[in-house]
Amino acid sequence: MEKYEKFKKDVYKLLGIDLSCYKEKQMKRRINSLLTRNNFNDFNDYFTGIKSDKKLLEEFINYLTINVSEFYRNPNQWKVLEGFVENMLQTKNNLKIWSSACSTGEEPYSLVMLLSKFLPMKKIKVIATDIDMEAISKAKLGIYNEKSLQNLPNNFKKDFFEKVGNSYKINDEIKNCVEFRKMNLLADKYPQGNDLVVCRNVLIYFTEEAKDKIYKKFHQSLNNKGLLFVGSTEQIILPDRYNFIAEKTFFYKKKNEGLK
C-alpha cells in the first residue's frame with residue numbers, strides 16, 4: 001500500500017495526473033497488469049522505468065486513459081442530440097462545442113458531421129481535448145477500421161471517408177473543423193462559453209469526489225442553457241445540485257442561475 005501511495009505521488013509530480021481521483025481497485029489492477037507485462041518487481045521499479053523510457057511512459061498513459069471509441073456511439077442518443085442541435089440553431093447562427101475526452105477522434109469528427117447537416121463547413125469548429133497525446137496523434141491521422149464506422153449513417157461514410165485498403169481515411173474537410181488540444185480534466189482550465197459539452201464514457205473511471213469537481217467545472221464552462229451530453233453509464237444523480245436540469249436521459253441543460 002505504501003509503495004502505491006508513493007507511486008501516485010511520483011506520477012502526479014511527473015505528469016500532473018492525480019491517480020487518487022480514479023477508482024483505486026480498478027486503477028491498481030490496470031497498473032499491476034502493466035508491471036507484470038513489462039517484468040517489473042513493484043511500483044517503485046515501474047516508476048523508474050516509465051520515467052526513463054519514453055515508450056513505457058506512452059504505454060502507461062495510453063493504458064491509463066482507456067481509448068475505446070467509435071463513430072456515432074449509441075446512435076439513438078445521437079438522434080436525440082441532433083434534435084437539440086437543430087433547436088439551438090433556431091436562436092443562434094453558430095455553436096461552440098467541446099468534446100472533452102476525445103480519445104482517437106471519433107467523437108469530435110461525429111460532431112462535425114452532425115453539424116454539417118445544418119451549417120456550412122467553414123462555420124463549424126469543435127474543440128477536442130484529451131490527456132493522451134498518442135490518442136490525439138491517431139485522431140489527427142484520421143484512419144479507422146471498419147468496425148469503428150459501423151454505427152455511422154451511410155451517407156456520412158460515403159461523403160466523408162476514403163477507403164484505403166481495409167481502412168477508412170476521414171477527409172480533410174472534416175479534420176479541418178476540429179482543433180485538438182492536450183488537456184487534463186482534473187487539473188487544467190476548461191474552455192468557456194460552450195453551447196454543448198460532450199463527455200462520454202470517461203467519468204465512470206473517476207471517484208465521486210473527482211466527478212463532483214468535474215461536473216461543477218462543466219457547469220461553469222457552459223453558456224446559460226448550454227447542454228452537457230454524458231455516456232450511457234454516467235447519468236447524473238440529483239443533477240439539481242449542480243444546477244443542471246435533466247432534459248432527456250444522458251442530456252443535462254444548465255440552469256440560468258449560478259452554481260450555489
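Which residue in β6 does aspartate 130 stand opposite?

Modeller: This is a predicted model. In it, aspartate 130 stands opposite lysine 182 of β6. Strand β2, residues 126–130, runs parallel to β6 and is joined to β6 by five bridges. Across β2 and β6 lies helix α7, made of residues 133–141, at about 165° to β6.

These two strands belong to an open sheet of seven, ordered β6-β2-β1-β7-β8-β10-β9, with mixed pairing. The edges are taken by β6 (178–182) and β9 (244–248); each has a single partner strand, so one side of each has no neighbour in the sheet. On average, neighbouring strands of this sheet are turned by 25° against each other, direction ignored.

Strand β7 covers residues 194–199, and asparagine 194 is part of this strand. Asparagine 194 is buried, at 0% relative accessibility. Apart from its neighbours within four places in sequence, asparagine 194 is in contact with Lys96, Ile97, Trp98, Ser221, Leu222, Asn223 and Gly226.

A disulfide needs the sulfur atoms within 2.5 Å, and the count of disulfides is zero. Cysteine 102 is buried, with a relative accessible area of 0%, and cysteine 177 counts as buried at 4%.

Methods. Residues are numbered from 1 along each chain as its sequence is written. This is a predicted model: local features need pLDDT of at least 70, side-chain atom pairs count only at pLDDT 80 or more; totals for chains, interfaces and linings use all residues. Side-chain values use heavy atoms; hydrogens and water are left out. Buried means under 20% relative accessible area, exposed over 50%, partly exposed in between (1.4 Å probe, protein chains only). Helices (H or I, at least four residues) and strands (E, at least two) are DSSP runs, numbered from the N terminus. Contact means heavy atoms within 4.5 Å. Two strands pair if DSSP finds at least two bridges between them. Axes are lines fitted to C-alpha atoms, for helices over the stretch in contact, and angles run from 0 to 180 degrees between N-to-C directions.
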